[in-house]
Amino acid sequence: MQYTRLGTSGLRVSRIALGCMSFGDPSRGFSEWALDDAAAEPLFRQALELGITFWDTANVYGYGSSEEIVGRAIQKYTRREDVVLATKVFFPMHEGPGGRGLSRRAIMEQIDASLTRLATDYVDVYQIHRFDPETPVEETMEALHDVVKAGKARYIGASSMWAWQFQKMQHAADANGWTRFVSMQDQYSLVMREEEREMMPLLADQGVGSIPWSPLAKGRLTRPWSEQQTQRATTDPLQSRYSGETNEPIVDAVQRVAEARGVPMAQVALAWVLRNPVVTAPIVGATKSHHLPDAAAALELELTDEEVQALEEPYTPRLPSGF
């Protein structure tokens, strides 16, 4: 495993992040495909064996049950000091005034609830899951700063918003001497490259690390276009963004490069994401035993300029999605 700093911060993380949205209690209604403690155990163990120590979850995943499973996994299989733990806040957890959004009330309530479920005194990176247009950015940034100063989070990050919104929040932090974001969790893959227009250059300029979500387009880039999709893909409402015909030539290009190299398609797609100098660690949501080894192997796969051109050439502009 390779390790690097998260953006220009001093925090060292593994270059592959374990996405924990796959873990949870299906009975809570978040996702019928979520893995419980027993099913998730071999994946946590495998992550640790591979050196994948950057684990990302959110309060809303499994409506709290993902955080609970992650917390128990840390206690059973490793030590808290050996894991870089990240979680998020924004989406609805309950109907009360602190149940959603990025108000001071919500942030203070939800960080405490997350820490309880994770069975820890702090998270390494506390991330806002989306931009909240109903709350002044100054209120949000000061509350996040207070969370850091209280020792409940070491760093803060953001996820999926317009570049101008992210810069507005960073400016509020700079103007008031508050804690700045060190990471941006944005959607980035061979079939969704719109972040290259404004967000990626902004992150490079600001020294902020990108930790892309869905770098394999929810599995669409891991199998030939004609191959049947997984049960999760067919039941996930977000999957539709990857099923359009404009994506078929991109998937075909990944397949051709992978076959020529004799490696799984997932390795090629992830190797392309990892080439971007702004990318710190793509987030891989593992549900099968080969997912994490394929991700780790992508770190050693160096694509040629000709292969990169072949992979990028079929892309056509599209509307950003996911926020």
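User: What makes Phe 23, Phe 44 and Trp 55 one aromatic cluster?

Analyst: Rings of Phe, Tyr and Trp, the last by its six-membered ring, pair if their centres lie within 6.5 Å. In this predicted model, Phe 23, Phe 44 and Trp 55 form one aromatic cluster, and a search of the whole structure finds 9 aromatic pairs.

User: Why is the pair of Phe 30 and Tyr 61 called tilted?

Analyst: The centres of Phe 30 and Tyr 61 are 6.2 Å apart and the planes stand at 50°; because planes under 30 degrees apart count as stacked and those over 60 as edge-to-face, the pair falls into the remaining class and is tilted. The pair links distant parts of the chain, with Phe 30 in the loop between strand E3 and helix H1 and Tyr 61 in the loop between strand E4 and helix H2, 31 residues apart.

User: How do you know whether Tyr 61 is buried or exposed?

Analyst: Tyr 61 has a relative accessible area of 9%, and since buried means under 20%, Tyr 61 is buried. Phe 30, at 25% relative accessibility, counts as partly exposed.

User: Why is the pair of Phe 90 and Phe 91 called edge-to-face?

Analyst: The ring centres of Phe 90 and Phe 91 are 5.0 Å apart with the planes at 75°, and an angle over 60 degrees counts as edge-to-face, so the pair is given that name. Phe 90 is buried at 17% relative accessible area, whereas Phe 91 is partly exposed at 26%.

User: Which charged residue sits over the ring of Tyr 122, 4.2 Å from its centre?

Analyst: The charged end of Arg 80 does, and Arg 154 lies over the face of Tyr 122 at 3.8 Å from the ring centre.

Conventions. Residues numbered from 1 in each chain as written. Predicted model: local features only at pLDDT ≥ 70, side-chain atom pairs only at ≥ 80, totals over all residues. Heavy atoms only, no water. Helix = DSSP H or I, 4+ residues; strand = E, 2+ residues; numbered from the N terminus. Buried < 20%, exposed > 50% of the residue type's maximum accessible area, 1.4 Å probe, protein only. Lys NZ or Arg CZ within 6 Å of the ring centre and 35° of its normal.
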